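Please keep the sequence and the structure in view while reading.

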Amino acid sequence: MQHFPDATVPSRYADCIRTCNECADACDTCAASCLREPEPRHMVQCIALDTDCAAICRMAAGAMARESAHAYEICALCARLCDSCANECSRHDMAHCQACAARCRRCAELCRAMAH
């Protein structure tokens, strides 16, 4: 009989993993909501950053979950992309953009701490 590690033991990265996943979801919601705006072409930069940010957040969460040797570097990049996304989203008044900016700021904070 094989023994597998107890998956219920929390990872030392648990808070950052959760925050990255929540940020990715907020970015996906923001991008989809931007596409439904009356003038989505004005939201191109926001949508692009939302998409990049969601992807790197999921990559960072996966790297931490696997305890990858590259998790710190990925988290550092994630923090930079989250900062960029937060800056762009905060320029727009829509609730989805403001919510995304807040999630991105929190994710950047935790990823920056993880990278050090």
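## Basis of the model

The model is predicted, so that local features need pLDDT of at least 70 and side-chain atom pairs count only at pLDDT 80 or more, while totals for chains, interfaces and linings use all residues. Residues are numbered from 1 along each chain as its sequence is written, and side-chain values use heavy atoms, with hydrogens and water left out.

## The nonpolar core

A nonpolar core is a set of buried Ala, Val, Leu, Ile, Met, Phe, Trp, Tyr and Cys residues joined through side-chain atoms within 4.5 Å; buried means under 20% relative accessible area, exposed over 50%, and partly exposed in between, with a 1.4 Å probe and protein chains only. The largest such core has 41 residues, of which Cys20, Cys57, Met64, Cys78, Cys82 and Cys104 touch the most other members. At least two residues of this core come from each of the helices H1 (14-35), H2 (44-65), H3 (71-89) and H4 (95-115), where helices (H or I, at least four residues) are DSSP runs numbered from the N terminus. H2 supplies the largest share, 11 residues.

Apart from its neighbours within four places in sequence, Cys57 is in contact (heavy atoms within 4.5 Å) with Cys20, Cys23, Ala24, Cys78, Cys82 and Cys107.

The buried residues of H1, among them Cys16, Ile17, Cys20 and Cys34, pack against H2, H3 and H4.

His96, which is placed in helix H4, counts as buried because its relative accessibility is 17%. Leaving aside neighbours within four places in sequence, His96 is in contact with Cys30, Ser33, Cys34 and Glu37, and its side chain is joined to that of Glu37 by a polar contact of 3.0 Å. A polar contact is a pair of N or O atoms within 3.5 Å; within protein, one must be able to donate a hydrogen and the other to accept it, and residues adjacent in sequence count only if both atoms are side-chain atoms.

## Salt bridges

The whole structure holds 9 salt bridges, each a side-chain nitrogen of Lys or Arg within 4 Å of a carboxyl oxygen of Asp or Glu. Arg112 and Asp83 meet in one of them at 2.9 Å, N to O; because Arg112 lies in helix H4 and Asp83 in helix H3, the pair ties together parts that are 29 residues apart in sequence.

Arg106 forms a salt bridge with Glu109, with the closest N and O atoms 2.8 Å apart, and these residues, being 3 residues apart in helix H4, are separated by about one helical turn. Salt bridges that share partners also join Asp25, Asp28 and Arg58 into one network.
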